[in-house]
Amino acid sequence: MVPRSEPSTRDRILIAAATMVSEDPGARLSVRAVAARAGVSTGSLRHFFPTQRALIDEVAAGITGLFASADVIEDTTVPAEDRLLACMQQVLAATGAGEQARHAWRHTLETYVGSEPSADAIDTYLAFSAAGLRRTEHWLDVLEREGVLPPGDNAQRAAYLNVVLDGLAIARALPTDAARIRSETDTLRYAISMLFLPHPHRRGASACEADL
């Protein structure tokens, strides 16, 4: 039996910070608090993450990266639109449904809407939002480099897809039926299809297409 290796100091720090965020989205990821949770010195933490911002950004990137496998978007044996659909479905699956989704949204609303969020809560939210956008933009960059996605503003298109994901994630917390669950995939497919339209600058293109 191969012995399990212990997490490195850097991994212990990231695990501790990610756990704190999962327990409380508005948690203050201060150097002292995260170091104590990880069981390391503040000096060790600053060796890997010189600033609180660097730590938050790394945690956000790591957590959002868990929601969709990088292998999916890079599998060229699968049609581009199907790959993008699979990535978005992985993200939605991580939000859960029913009571799990309601718990997540209650926690989010209490942290960011129910009262004035703290500066730390805002920083954490913005870091996760930016990481989510970078993840979606990466998917589009991969497809554009392959030549299967028409050239365009991938930052803007990623924002569009993330709004769709947010809306569907909220819908998962609301009362639903089999028809709505089936329509989720149809909604994703329609949203994705908008990105694969011919070049927006062709004659007769609508203003809406040009914005995507």
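Colleague: How much of the chain is made up of buried residues, and what makes a residue buried?

Modeller: Buried residues make up 34% of the 212 residues in the chain. A residue is buried if its relative accessible area is under 20%, exposed if over 50%, and partly exposed in between, using a 1.4 Å probe and protein chains only. Bear in mind that this is a predicted model, where local features need pLDDT of at least 70 and side-chain atom pairs count only at pLDDT 80 or more, while totals for chains, interfaces and linings use all residues. Residues are numbered from 1 along each chain as its sequence is written, and side-chain values use heavy atoms, with hydrogens and water left out.

Colleague: Okay, why is Ser30 called buried?

Modeller: Ser30 has 15% relative accessibility, so it counts as buried, given that the cut-off is under 20%. Ser30 sits in the loop between α1 (9-23) and α2 (31-38). Helices here are DSSP runs of H or I, at least four residues long, and strands are E runs of at least two, numbered from the N terminus.

Colleague: What does the side chain of Ser30 have a polar atom close to, and what makes a pair like that a polar contact?

Modeller: A polar atom of the Ser30 side chain lies 3.0 Å from the backbone nitrogen of Ala33. A polar contact is a pair of N or O atoms within 3.5 Å; within protein, one must be able to donate a hydrogen and the other to accept it, and residues adjacent in sequence count only if both atoms are side-chain atoms.

Colleague: And Gly39, why is that one called exposed?

Modeller: Gly39 comes out at 53% relative accessibility, so it counts as exposed. Gly39 is in the loop between α2 and α3 (42-48).

Colleague: What makes Asp141 partly exposed?

Modeller: Its relative accessible area is 26%, so Asp141 is partly exposed. Asp141 belongs to helix α8 (residues 119-146), and its side chain is joined to that of Asn154 by a polar contact of 2.8 Å.

Colleague: Why is Asn162 called buried, and which residues is it in contact with?

Modeller: With a relative accessible area of 11%, Asn162 is buried. Asn162 is part of helix α9. Leaving aside neighbours within four places in sequence, Asn162 is in contact (heavy atoms within 4.5 Å) with Gly132, Leu133, Arg135 and Thr136.

Colleague: What makes a group of residues a nonpolar core, and how many residues has the largest one?

Modeller: A core is a set of buried Ala, Val, Leu, Ile, Met, Phe, Trp, Tyr and Cys residues joined through side-chain atoms within 4.5 Å. The largest has 25 residues, and Leu84, Leu188 and Phe196 have the most contacts inside it. Helix α6 (80-95) is one of the elements that each supply at least two residues of this core, and α6 gives the most, with 7 residues. Apart from this core lies another, of 22 residues, including Val31 and Leu55. In soluble globular proteins, nonpolar side chains tend to be buried together.

Colleague: How do α7 and α9 pack, and how do you get the angle?

Modeller: Helix α7 (residues 99-112) and helix α9 (residues 154-173) pack at about 115 degrees, with their axes 7 Å apart. Axes are lines fitted to C-alpha atoms, for helices over the stretch in contact, and angles run from 0 to 180 degrees between N-to-C directions. Among the residues making the contact are Trp105 of α7 and Ile170 of α9.
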